[in-house]
Amino acid sequence: MVEKKVLAFYYAWYGTPWGTGVLQKWAGWNIYGYNPEKVTRGRRESAIPCFPLDGLYDSSSEYTIKRHIYQAKQAGLDGFIVSWWGFPDKMKKENADHPSVKSSDATLQKLLEIAPEDFDVTLYYETAEYGDKPVPQNVREDLERIAQEYCNKPRWMKVNGKPVIVIYGRVMAQMRKACADDIKEWKTIREYLKEKGFDLFLVGDSLDPDYVECMDALHTYNPIGYTTRGINIEALYKRAADALHRAGKIFVATVTPGFDNDKVRWPTGERLFEPRRDGGYYIESWNTALSCNPDWIFVTSWNEWFEASQIEPSVEYGYDYIILTKQQVKRFKGN
């Protein structure tokens, strides 16, 4: 029987001019023309609906990472899934210095270096559509290099000795677009990696039972994409859970406290909004997840401030979502 785990999606694209990490400039907080140098009533201007309790920070700073691990452990989390955008040296120059690439890789490495023994680290494979190579080739090369350079680290998350890598829906879609039969292609890539000595545990972003054939586990990043359209997420969870469990595989249910991408999506006119209702939505999200017999829980998110799905302490909510998460983790694990 697999050990119950609760991990949060972790974002590492933030930078400040006083940061001690790799960026040392405003990054993330200043997208869409927001200027953090402007301060109104003690708050820096930024592209975020809520404001971090500890102020705007630098993702790859060791101080920031240590603080986040401490707070995450207070919440009962078992680890972070780092949003990862590729190896900087594989990117063209204009992309290699992008905060999403440069800082996410540096932060992942720092987490693997300083995380305590009881804190798991893995990555969220965000994109395989870059450079001049076909998507399947990028996927194969990226996974092989991740396995070589990162998965042998002591803090890397493993299941029965297999390193865990979580695949975002964007990569799943890129593979579907690039291949006549993407499920067959995933199986081919996995066989290639096994021949090279890398037996990975892949967690795909899909609730489609067809992917049970090529993935070890399934999840969805954001259930709000379903619930705001009136789709019954519980039914989708149960269908996926049943298919995975019949195959002896793992089902991951996702929980989230709410959502508001207004400040980063308004130029397109597409706003996705789910109010938190003083924690009511979060508790309902956990109730739905736990009703579907999950093996793991993923939290969306630790610090996706642009979409206001964060549980990291904020000016608006203090430590409320740390406390709520701790309570729900105890329900899930029965302790």
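This is a predicted model: local features need pLDDT of at least 70, side-chain atom pairs count only at pLDDT 80 or more; totals for chains, interfaces and linings use all residues.

Me: How are helix 4 and helix 5 oriented relative to each other: roughly parallel, roughly perpendicular, roughly antiparallel or oblique?
Reply: Helix 4, which covers residues 135-149, packs with helix 5, residues 169-178, and their axes are 9 Å apart. The angle between the two is about 135°. Angles over 145 degrees would count as roughly antiparallel and those from 65 to 115 as roughly perpendicular, so the term for helix 4 and helix 5 is oblique.

Me: Which residues of helix 5 make the contact with helix 4?
Reply: The two helices pack with their axes 9 Å apart. On the side of helix 4 the contact is made by Val135, Pro136 and Val139, and on the side of helix 5 by Val171, Gln174, Met175 and Ala178.

Me: How far apart in sequence are the parts that the pair of Asp120 and Lys5 ties together?
Reply: Asp120 forms a salt bridge with Lys5, and the closest N and O atoms are 2.8 Å apart. Asp120 lies in strand 5 (residues 120-125), whereas Lys5 lies in strand 1 (residues 5-10), so the parts that this pair ties together are separated in sequence by 115 residues.

Me: Is Asp120 buried or exposed?
Reply: The relative accessible area of Asp120 is 13%, and its salt-bridge partner Lys5 has a value of 14%. Because buried means under 20%, Asp120 counts as buried.

Me: Asp142 forms a salt bridge with Lys90; is Lys90 buried or partly exposed?
Reply: The closest N and O atoms of Asp142 and Lys90 are 2.9 Å apart. Asp142 lies in helix 4 and Lys90 in the loop between strand 4 (79-84) and helix 2 (93-96), so the pair ties together parts that are 52 residues apart in sequence. Asp142 is buried, with a relative accessible area of 0%, whereas Lys90, at 26%, is partly exposed.

Me: Which residues form a nonpolar patch on the surface together with Tyr319?
Reply: Tyr319 is found in the loop between strand 13 (296-299) and helix 11 (320-333), and with a relative accessible area of 34% it is partly exposed. The patch has about 340 Å² of accessible area together, and the residues that form it with Tyr319 are Leu53, Val315 and Ile323.

Me: Which residues are linked with Glu62 in a network of salt bridges?
Reply: The count of salt bridges comes to 23. In the network that includes Glu62, the other linked residues are Lys66, Lys110 and Glu113.

Key: Residues are numbered from 1 along each chain as its sequence is written. Side-chain values use heavy atoms; hydrogens and water are left out. Patches are made of residues with over 30% relative accessible area and no salt bridge: like charges are joined within 9 Å, nonpolar side chains (Val, Leu, Ile, Met, Phe, Trp, Tyr) within 5 Å. Accessible areas come from the Shrake-Rupley method with a 1.4 Å probe; for residues, only the protein chains shown count as cover. A salt bridge is a side-chain nitrogen of Lys or Arg within 4 Å of a carboxyl oxygen of Asp or Glu. Helices (H or I, at least four residues) and strands (E, at least two) are DSSP runs, numbered from the N terminus. Buried means under 20% relative accessible area, exposed over 50%, partly exposed in between (1.4 Å probe, protein chains only). Axes are lines fitted to C-alpha atoms, for helices over the stretch in contact, and angles run from 0 to 180 degrees between N-to-C directions. Angles under 35 degrees count as roughly parallel, over 145 as roughly antiparallel, 65 to 115 as roughly perpendicular and the rest as oblique. Contact means heavy atoms within 4.5 Å.
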